[in-house]
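Here is a short briefing on side-chain contacts, cores and domains. Please keep the structure open while you read.

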Amino acid sequence: MNDPFYVTTPIYYVNDEPHLGHAYTTILADVLARYARLRGQPTFFLTGTDEHGQKVQDAAQARGISPQAHANEMVLRFQNAWENLHIANDDFIRTTQSRHTRVVTTILQDLWDKGEIYQGSYTGWYCVPDERFWTEKDLVDGNCPDCGRPVEQLEETNYFFRMSAYQEWLISYITQHPDFIRPETRRNEVLGFLRQPLSDLCISRPASRLSWGIPLPFAPDYVTYVWFDALINYVTAAGYLSDQDRFERLWPQVMHLIGKDILITHAVYWPTMLHAIGLPQPKTIFAHGWWVVEGTKMGKSLGNAVRPLDLVEIYGTDAFRYFLMRDMTLGRDADFSEAAISQRYHAELANDLGNLLHRLVNMTQRYCEGQIPAPEALPDATTSDLRTHTEILIGETFARVEALALNEALIAIMEVVGEINKYLEHTAPWKLVKQGETARAATVLYYAAEALRLTSLLLHPVLPEKTAELWERLGWQLPARLADGLHWGGLQPGAKVNSGSPLFPRI
Ligand SMILES: [Zn+2]
């Protein structure tokens with residue numbers, strides 16, 4: 001399959017402090033992109049920051065600096081966090097970049113010319129901190145349904161996108177494309193939302209009230225509503241209006257990863273916007289669940305006892321990535337606890353994987369002069385089985401990743417790691433050596449090491465740093481074309497193994 005893999009995270013609000021929710025979506029996108037690269041698919045992984053809007057303007061004003069200067073500082077918190085979490089994104093878009101503002105401006109003018117945007121009067125309940133209008137029935141006890149703070153009534157002239165015109169179209173599109181909104185619970189949620197009449201979307205804010213935004217080209221005393229501006233980043237970065245060939249290759253393949261809290265903007269606003277612009281729909285919009293602590297969504301302001309990103313310092317980035325991928329069934333909520341991380345770390349990473357490497361390197365040094373031995377031509381049935389199971393695991397892993405069953409993929413990989421451990425117990429190379437069966441001992445060590453090399457390659461997207469360390473111990477280097485490593489026989493007899501400190505030291 002040579003279709004490109006294009007994956008996006010939401011662009012994060014630059015004023016926010018990176019928290020577990022941001023980190024999880026970004027690590028998930030990174031893991032999917034790394035699996036795509038591993039199997040040789042052309043890959044484009046996009047993340048970035050949303051930099052316009054009231055909160056940035058207010059924060060900048062409070063600091064006495066320009067909104068752009070404020071955003072330039074704040075964006076570093078995200079960029080540093082992603083570096084720290086071993087995120088290998090191909091692009092980082094900021095909505096204040098000219099490549100983006102140019103595309104937004106052109107799209108707005110185009111929609112205005114086509115009559116998709118009109119001027120109207122808006123009266124509504126407005127939540128100042130959230131920059132959102134709410135209808136009467138949205139309010140909860142007269143307050144903002146999102147943040148619970150008081151709202152004010154506001155009437156003003158604004159510009160509207162004719163979103164309501166596309167309600168029937170959207171319902172039939174979603175119905176006819178079962179993979180468009182996933183998982184099914186979210187798809188049903190969107191279809192449920194669309195049972196109510198869809199209103200038009202207010203896409204502007206008067207510059208007198210909010211100046212930090214992209215001016216409407218046909219009404220420069222207005223700026224673009226942040227959501228309308230932000231969503232467009234996904235087409236900007238793919239080359240819309242700048243590299244049409246690239247855009248046409250990438251765009252139909254795009255997968256938007258989002259948290260379930262921003263489902264409606266992505267699965268209702270965005271598709272109708274694209275439809276009005278005349279662009280095809282994304283391939284998939286996937287909304288994952290939340291990490292919860294005792295039933296409460298984990299965010300920055302809830303004051304949950306655990307500060308998840310602090311655990312990176314204790315357990316290391318790769319183990320943190322492993323836990324997040326291993327413990328969430330995609331689409332559902334999952335429990336976050338330090339005890340669970342510690343358990344996965346010690347049982348699976350330190351014990352099963354780390355000890356296996358340690359024992360193999362030790363025995364190779366003791367029995368084979370520190371070099372990967374040459375196997376016999378005709379191994380016994382148990383040995384052949386180990387090879388077969390490892391080779392089958394390759395195709396199964398990619399199938400599970402494609403089905404977004406990452407936790408199942410990791411369970412199956414760790415089962416083969418367990419099988420290698422059992423194989424060593426069962427064949428007991430230390431006894432074979434004592435009995436003078438050195439050729440057989442060499443075969444066992446080769447097969448165990450090669451099976452570990454292949455399974456660790458399948459763990460590479462989740463544990464990029466630790467697997468690289470593991471291969472260095474086994475005397476193997478990642479080939480320039482990663483997919484070339486996915487065949488039995490990569491370890492070369494004669495390669496020197498290296499001892500070192502434990503891959504996952506006990507904590
Ligand atoms: Zn609010």
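**Salt bridges around Arg344**

The side chains of Glu348 and Arg344 meet in a salt bridge, with 2.6 Å from N to O. A salt bridge here is a side-chain nitrogen of Lys or Arg within 4 Å of a carboxyl oxygen of Asp or Glu. The model is predicted: local features need pLDDT of at least 70, side-chain atom pairs count only at pLDDT 80 or more, and totals for chains, interfaces and linings use all residues. Residues are numbered from 1 along each chain as its sequence is written, and side-chain values use heavy atoms, with hydrogens and water left out.

- Glu348 and Arg344 are 4 residues apart in helix α13, so about one helical turn separates them. Helices (H or I, at least four residues) and strands (E, at least two) are DSSP runs, numbered from the N terminus.
- Glu348 and Arg344 are both buried. Buried means under 20% relative accessible area, exposed means over 50%, and partly exposed lies in between (1.4 Å probe, protein chains only).
- Arg344 counts as buried because its relative accessibility is 15%.
- Asp327 also forms a salt bridge with Arg344, and their closest N and O atoms are 2.5 Å apart.
- That pair links distant parts of the chain: Asp327 is in helix α12 (residues 317-327) and Arg344 is in helix α13 (residues 338-367), 17 residues apart.
- Asp327 has a relative accessible area of 23%, so this residue is partly exposed.
- Salt bridges link Arg326, Asp327, Arg344 and Glu348 in a network.

**Other salt bridges**

- The whole structure holds 22 salt bridges.
- One of them joins Asp30 and Arg34, with the closest N and O atoms 2.8 Å apart.
- Asp30 and Arg34 both sit in helix α1 (residues 20-38), 4 residues apart, about one turn of the helix.
- Both Asp30 and Arg34 are buried.

**Aromatic pairs and charges over rings**

- There are 29 aromatic pairs. Rings of Phe, Tyr and Trp (its six-membered ring) pair if their centres lie within 6.5 Å; planes under 30 degrees apart count as stacked, over 60 as edge-to-face and the rest as tilted.
- Tyr35 and Phe398 are edge-to-face, because their ring centres lie 6.2 Å apart and their planes stand at 90 degrees.
- This pair links distant parts of the chain, 363 residues apart: Tyr35 is in helix α1 and Phe398 is in helix α14 (residues 381-402).
- Tyr35 and Phe398 are both buried.
- Tyr447 and Trp488 make a tilted pair, because their ring centres are 5.2 Å apart and their planes are at 40 degrees.
- Tyr447 lies in helix α17 (residues 438-459) and Trp488 in the segment after α18 (464-474), so the pair ties together parts 41 residues apart in sequence.
- Tyr447 counts as buried at 6% relative accessibility, and Trp488 counts as buried at 14%.
- Tyr6, Phe44, Tyr234, Tyr240, Phe247, Trp251 and Trp270 are linked into a cluster by ring pairs.
- Lys260 lies over the face of Trp290, 4.5 Å from the ring centre. A charge sits over a ring if NZ of Lys or CZ of Arg is within 6 Å of the ring centre and within 35 degrees of the ring normal.
- The charged end of Lys466 sits over the ring of Phe504, 5.2 Å from its centre.

**Nonpolar cores**

- The largest nonpolar core has 105 residues, and Tyr35, Leu324, Met325, Phe336 and Leu353 have the most contacts inside it. Such a core is a set of buried Ala, Val, Leu, Ile, Met, Phe, Trp, Tyr and Cys residues joined through side-chain atoms within 4.5 Å.
- Helix α17 gives the most to this core, with 13 residues.
- This core draws at least three residues from each of domain 1 (5-288) and domain 2 (317-485).
- Another core, of 58 residues, lies apart from it and includes Tyr6, Met163, Ala219 and Ile285.
- Not counting residues up to four places away in sequence, Tyr35 touches residues including Phe398, Leu410 and Leu458. Contact means heavy atoms within 4.5 Å.

**Domains**

- The chain is divided into domain 1 (5-288) and domain 2 (317-485). These bounds come from an automatic or database domain assignment.
- The C-alpha centres of the domain 1 and domain 2 lie 41 Å apart.
- In domain 1, 25 residues are in contact with 28 residues of domain 2.
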